[in-house]
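Please examine the sequence and the model shown here before reading on.

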Amino acid sequence: MTALYLTLLIPLAATLAFAVIGHWRHAGTLNLLICVATFVTSLQLALEVFAGGPLMSPGKLFYIDAFNVYLILVNALVGLTTAIFSRPYMAHEVAIGRVDDVRMRLYHSMYQGFLLTMLVALSTNNLGLLWVAVEGATLATVLLVSLYRTPESIEAGWKYFIICGVGIAQALFGTVLIYFAAERALPGAENVLLWSVLKEHAGQLEPAVLTLAFVFLLVGYGTKIGLVPLHNWLPDAHSEGPTPMSAILSGLLLNIALYAVVRYKMLMEPALGNQLPGYLMMGFGMLSFSVAAILLHRQRDVKRMFSYSSIEHMGLMTFAFGLGGPLATFGALLHMIVHSLTKSAIFVTVGHAAHVAGTQSIEKIRGLIRTQPAVGWTFLLGTVAIAGFPPFGVFTSEFLLFSATMKSMPWLVIPLLVGLTVAFAGLFRHLQPMVFGEPPEGQAPVKANMLPVLLHLVLVLWLGIAIPDVLARWLDQATIMVVGKGLL
Amino acid sequence: MALTQLPLTEQVVLTLAALILFSSFLLLAQSRIVSLIHTFAWQGALLFAVTCLMAVASGRHHLFISAALTLALKVFFIPWMLRRLVVRLDIRREVETVGGSSLVMIGGGALVLFSYYVALPIRELSFLATRNTIAISLAVVLVGMLMIITRRKAVAQVIGFMSMENGLFFAAVSATYGMPMVVELGIAFDVLVAAILFGIFFFQLRSGIGSLNVDHLNRLHEVDR
């Protein structure tokens, strides 16, 4: 339990401290050290849960099981590696005068605040607190999106704020409905908004209210996942903010929202006794997947292009969780990890590439592999990985998803394959000249730390070649939690 | 059942619910910024009255804390802050012509009907004193959303956003006697932070695009042209 409290308290303390000292010359290093500490405690937490089963805090406010603990670990890891990248990147931004001291305080404070809200969202047992934390994550990042104060970034920030705020309000209405249903069904019971209590009594809840609630919840949290047609904020927010922010937004925030939806689906499906939540998720997932794959082709900003790729992958995961069954769920859980790792690695590389070229415009980034081979090669490998080529982990998880689809709904494999091909073409037609083209005169390499990228890509490669036994059993435990049946 | 046959508390709650919905429509049609802020404060005051009434009627005293939070945040702090910002940004006298205002009002009416339609399955199983309130709170949320869609001024959009939040709070209070305390506090904190962030954004919008008219936010497109 101590490990959990530390995992939450360290970022909380850091949020407050950075509000005062975030502009300090060594704040970036301190940020990194704090992320290391959070990672160590969350690793400790994961080991505890792995050895001793689910943990419940004494007040029942926090509940850690196999499903959320691995996401906590991914969260802490990506937070850590992004902090490694953020240190020199933000130092460069300060050096060229794009951000001043006040904004550096804001940046570091909110970096930790964002990690904190996500950790709270993952670890809490209270569905109301889950909402508060997800909304908190929006509030923490909204000023970071507009950190550069360009008209574009302010527009992106405003859009992000309004669209996500309106969306997430629907989720609160859904939460109120769930609470309403629970109060009717379990009169006099305490803490009926706790997930563990609701799960126990799911069968007693009124199906009509639950169905209505799930629609609101899916629309609300779906806005945060970036599901089409509520995705408009996502490419803007990801492309206009500082690159470390794009990496953690894309790698982590979207996962948290999907996590919330899956938690509710776990609650609903046994209670309703029908497949409605699953079908809704499959529909929205498939729509997002296909639309994003097509829109990839029409992008001119490299970060926007990869945010559409995020929408595409989130759609695929939503589809897989909706499909249900052990195989699809296992694949989706694995995909959450590999997508987080790969996508944040790509955003880090894109950040370096944008520094090399001095712009984010796809048409102006040319010849990376000649100017700075380290950046060029990792850019190429990262894109190969995200497009789903073997031997990377994304291939493995997509293969599992496709096998599951083939088993239960073979016709749906066709749009999935078409979507993947279209997305692949979209990524590579833009990637080709950026990596191999003729570099413009005077393009010089920048100081880049490729360690986080390499670490992520090696992990993804490892997961693609051989999933370690520990992780496989772990994901299997999570699969059992989600669908009631394991794969192994 | 006629309204007069219900117990007195229910009659009062239903009347207040109707007034809250009415204030939502006032917000939808009001074109002067300062009056808009005042109407929003009145909506908060009505919400405060409902919460106090529910607290007395149900004997759940934690609702008084929610009521106090509502009074502090939505009746005083947020309207005060918005008003101050409006004065500082010198947009007090600005009048926003709501495009196709009669259409917007009909749209609002349609949303109320829709809310009743959606809430039908709930109403039938509810044993609560206040059956209509879920439908009305949903209507307040949706009308707030409509307001965000139809308005072009950032301040009006923020008020639409906050009035959606009022609808949600009303749903929680009337359907379930409020959320658990930790959640209430969390939501109030989020609303407070959101209000402050909106204030910061007004200045960013003013310095970044030179106006608080969101029509000028037109640089980012889904696909490039």
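The following questions and answers concern a predicted model.

Q: What pattern does chain B follow when read along the sequence?
A: Chain B contains 7 helices and 0 strands. Read along the sequence, the pattern of chain B is α-α-α-α-α-α-α.

Q: Why does chain B count as being as compact as a globular protein of that length?
A: For 225 residues the globule rule gives 17 Å. Chain B counts as being as compact as a globular protein of that length because its radius of gyration is close to that value, at 18 Å.

Q: What percentage of the contacts in chain B with a separation of 6 or more comes from residues 24 or more positions apart?
A: Two residues are in contact if their C-beta atoms, placed from the backbone, lie within 7 Å. Among the contacts in chain B with a separation of 6 or more, the share from residues 24 or more positions apart is 72%.

Q: Which element gives the most to the side of chain B that touches chain A?
A: In chain B, 40 residues are in contact with 40 residues of chain A. The elements of chain B that give two or more residues to this side are α4 (101-125), α5 (133-150), α6 (154-176) and α7 (181-209). By class, this side of chain B has 30 nonpolar, 5 polar and 5 charged residues. The element that gives the most, with 14 residues, is α7(B).

Q: How many of the residues of α15(A) are buried?
A: Helix α15 (residues 373-386) of chain A has 14 residues and reaches 20 Å from its first C-alpha to its last, close to the 20 Å expected. A residue is buried if 20 or more other C-beta atoms lie within 10 Å of its own. Among the residues of α15(A) that are buried are Val375(A), Phe379(A) and Ile386(A). The helix is mostly covered, and the number of its 14 residues that are buried is 10.

Q: Which residue just after α15(A) takes a positive phi?
A: The residue in question lies just after α15(A), and its phi is about 90°. This residue is Gly388(A).

Q: Against which helices of chain A do the buried residues of α9(A) pack?
A: Helix α9 (residues 233-240) of chain A is largely enclosed by the rest of the structure, because 8 of its 8 residues are buried. These buried residues include Trp233(A), Asp236(A) and His238(A). The helices of chain A against which they pack are α5 (127-145), α6 (151-185), α10 (243-272) and α12.

Methods
Residues numbered from 1 in each chain as written. Chains lettered and ligands numbered in written order. Predicted model: local features only at pLDDT ≥ 70, side-chain atom pairs only at ≥ 80, totals over all residues. Helix = DSSP H or I, 4+ residues; strand = E, 2+ residues; numbered from the N terminus. Rg over C-alpha atoms; globule rule 2.2 N^0.38 Å. Nonpolar A, V, L, I, M, F, W, Y, C, P; charged D, E, K, R; others polar. Expected span 1.5 Å × (residues − 1). Buried ≥ 20, exposed ≤ 12 C-beta atoms within 10 Å, placed from the backbone.
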